Amino acid sequence: AAPPSDSPTIFDKIINKEIPSTVVFEDDKVLAFRDISPQAPTHILIIPKVKDGLSGLSKAEERHFEILGRLLYTAKLVAKQEGLEDGFRIVINDGPSGCQSVYHLHIHLLGGRQMNWPPG
Ligand code: 5GP
């Protein structure tokens, strides 16, 4: 089962720079960094700096409208920055059946190879 929505995760340590990551974009609200176990030549995670109960997309409320938009727009900016002019995929895993492993909302940005569909 999913942990409580306010439980800390390893992403808090990444936000606080207590553990290192390769940051590709940062502003006051969002952080984007390279996935430690990349599933494509470009694999970046885009997260809100303040979780505010957003352990996953299924926990979204109306108060999260702005941050949800910012995360998606950041994915677009980072895709351009990474040279993914030819296309990319974004993924949000949610809950045990969605294979979510870190319960702090994150968008996966994947590209640099053909992203087949269905993913299998
Ligand atoms: P999820 O399975 O929850 O959708 O994705 C979590 C992602 O976080 C995985 O792709 C995993 O490789 C990545 N990840 C887990 N721990 C770390 C870490 O300490 N550093 C980085 N850069 N990525 C991590």
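These legends describe close-up views of one predicted model.

The model is predicted, so local features need pLDDT of at least 70 and side-chain atom pairs count only at pLDDT 80 or more, while totals for chains, interfaces and linings use all residues. Residues are numbered from 1 along each chain as its sequence is written, and side-chain values use heavy atoms, with hydrogens and water left out.

**View 1. The largest nonpolar core.**
This core holds 15 residues. A nonpolar core is a set of buried Ala, Val, Leu, Ile, Met, Phe, Trp, Tyr and Cys residues joined through side-chain atoms within 4.5 Å. Buried means under 20% relative accessible area, exposed means over 50%, and partly exposed lies in between (1.4 Å probe, protein chains only). Ala32, Ile44, Ile46, Leu71, Val78 and Leu109 touch the most other members. Two or more residues come from each of β2 (30–34), β3 (42–48), α2 (65–81) and β5. Helix α2 gives the most, with five residues. Helices (H or I, at least four residues) and strands (E, at least two) are DSSP runs, numbered from the N terminus.

**View 2. Leu71 and a second core.**
Leaving out residues up to four places away in sequence, Leu71 touches Val30, Ile46, Ile47, Pro48, Leu105 and Ile107. Contact means heavy atoms within 4.5 Å. A second, separate core has eight residues, including Ile14, Ile15, Leu45 and Val102.

**View 3. The largest pocket.**
A pocket is found on a 1 Å grid over the protein atoms alone: it is an open set of points where a 1.4 Å probe fits, with protein on both sides within 12 Å along at least five of seven lines. Lining residues have an atom within 4 Å of a point. The volume here is about 730 Å³. Grid points are joined across faces, edges and corners, and a volume is the space filled by probe spheres set on the points. The lining has 32 residues, and Asp35, Gln39, His43, Leu45 and His108 lie nearest the centre. By class, 16 are nonpolar, 12 polar and four charged. Ala, Val, Leu, Ile, Met, Phe, Trp, Tyr, Cys and Pro count as nonpolar, Asp, Glu, Lys and Arg as charged, and the others, Gly among them, as polar.

**View 4. The second largest pocket.**
This pocket has about 180 Å³ of space. It is lined by 13 residues, with Lys29, Pro48, Val50, Asp52 and Ile67 closest to its centre. The lining divides into four nonpolar, one polar and eight charged residues. Helix α2 supplies the most, with three residues.

**View 5. Arg70 and its salt bridges.**
A salt bridge is a side-chain nitrogen of Lys or Arg within 4 Å of a carboxyl oxygen of Asp or Glu. Arg70 pairs with Asp27, with the closest N and O atoms 3.7 Å apart. Asp27 sits in the loop between β1 (23–26) and β2, and Arg70 in helix α2, 43 residues apart. Arg70 also meets Glu66 in a salt bridge (3.4 Å, N to O). These two are about one helical turn apart because they lie four residues apart in helix α2. Arg70 is partly exposed at 28%, and Glu66 is exposed at 54%.

Ser97 lies in the loop between β4 (89–91) and β5 (107–111). It counts as exposed because its relative accessibility is 79%. Its C-alpha atom is 9.5 Å from that of Ala1, although the two are 96 residues apart along the chain.
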